[in-house]
Amino acid sequence: TDVSAALEGPPHRHSANARRWLEQYYVGEMEPGDEQVPPSGRAEFRGTARGSGPSGGSRVRVEHSLHCLLPQDLVDWQKPLLWQVGYLGEKYDEWVHQPVDRPIRLFHSDILESLSKTAWYVVFIVWAPVVLYLSWVSYTSLAQGNTRLFSSFTTEYSIPIHKYCFPVIFLLGMFLWSLLEYLIHRFVFHMKPPASNYYLITLHFLLHGQHHKSPFDRSRLVFPPVPASLVIGFFYGVLQLMLPEVLGLTVFIGGLCGYIVYDMMHYYLHYGSPKKGTYLYGLKAYHVKHHFEHQKSGFGITTRFWDHPFRTLIPEETFKKED
């Protein structure tokens, strides 16, 4: 059937990337006047090349029916991409923001390649027990009554941290994670590497460019545990230097929980089907716009809160009323 009106909106005007995305599934063109839906209501394809299909079928001029390489593909998809993208130079930024629907291979080594992929549930299986165990350690340590704030500066006016403060400190850690999530996504994942720097282009593609090039590669939607443990360990060390041991641990636990929520939600925004009108439905639509049309804004994943003060909110679409 003719979907021109649906592509133009309302409620949503599809982007140039969305139209380019459809080119991957190009089969042929309907002969004029033959657009129809079968009586059963199911979409069927029964056309033949430049001919008439069986009775009730549509006449379709078939050009090809295989998942095709698009003209803008500047790399050899039969080989690992990580070592190719650095040579794209000035073409990289435009190329990486033209999404395709195909799996990506990064490394020649099967071992490295397996470490770069992760099923969504692995994140929860690995890190949720860590959060539960460290929460118990933190709470029991606070219950001993030995944790005090500002004790390194003054013993007379230091503030005792009661065990019932645990939920508040935990939520503070989650709140700080939401800010960190925004900052990393905007300033690290969406840095624009210099066109002349092969290594920075390669690094950008490894960190996030691969996700924008193939946003529905389900094995690359969450952070693999091995590299994640290095990053998580770094932030744990920073908090231990900045805050009293148990207090820093509690903030860290809240942040780690926030990370788990982030990765689970990110996967759901790509593959879930939230009910229209719900909070998750709005986030899914928002994130899809980020991938297909507004790659330089809309950096919030679990929340759009930080897009407001940093002025990177994706604008709402408006349509002029027809006479």
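**A chat about the histidines, the pocket and the helices**

Analyst: His 266 is buried, with a relative accessible area of 6%; buried means under 20% relative accessible area, exposed over 50% and partly exposed in between, using a 1.4 Å probe and protein chains only. This is a predicted model, where local features need pLDDT of at least 70, side-chain atom pairs count only at pLDDT 80 or more, and totals for chains, interfaces and linings use all residues. Residues are numbered from 1 along each chain as its sequence is written, and side-chain values use heavy atoms, with hydrogens and water left out.

User: Where is His 266, and what does it touch?
Analyst: His 266 sits in helix H9. Helices (H or I, at least four residues) and strands (E, at least two) are DSSP runs, numbered from the N terminus. Not counting residues up to four places away in sequence, His 266 touches His 211, Leu 221, His 287 and Ile 301, where contact means heavy atoms within 4.5 Å.

User: And His 185, is that buried or exposed?
Analyst: His 185 is buried, with a relative accessible area of 5%. His 185 belongs to helix H6 and, leaving out residues up to four places away in sequence, touches His 190, His 208, His 290, Phe 299 and Ile 301.

User: Which residues does UniProt list for "binding site"?
Analyst: The unreviewed UniProt entry lists His 185, His 190, His 208, His 211, His 212, His 266, His 270, His 287, His 290 and His 291 under "binding site". From this set, His 185, His 208, His 211 and His 266 are in the lining of the largest pocket. UniProt positions are given in the numbering used here, feature names are shortened, and annotations may be inferred rather than shown by experiment.

User: Nice. How much space is in that largest pocket?
Analyst: About 1300 Å³. Of its 42 lining residues, Trp 177, Ile 184, Phe 189, Phe 223 and Val 231 are the closest to its centre. On a 1 Å grid over the protein atoms alone, a pocket is an open set of points where a 1.4 Å probe fits, with protein on both sides within 12 Å along at least five of seven lines, and lining residues have an atom within 4 Å of a point. Grid points are joined across faces, edges and corners, and the volume is the space filled by probe spheres set on the points.

User: Which helix gives the largest share of the lining?
Analyst: H6, with ten residues. The lining divides into 31 nonpolar, eight polar and three charged residues. Here Ala, Val, Leu, Ile, Met, Phe, Trp, Tyr, Cys and Pro count as nonpolar, Asp, Glu, Lys and Arg as charged, and the others, Gly among them, as polar.

User: Switching topic: what covers the buried residues of H10?
Analyst: The cover includes helix H2 (16–22), helix H6 (166–189), helix H7 (198–213) and helix H9 (245–271). The buried residues of H10 include Tyr 286, His 287, His 290 and His 291.
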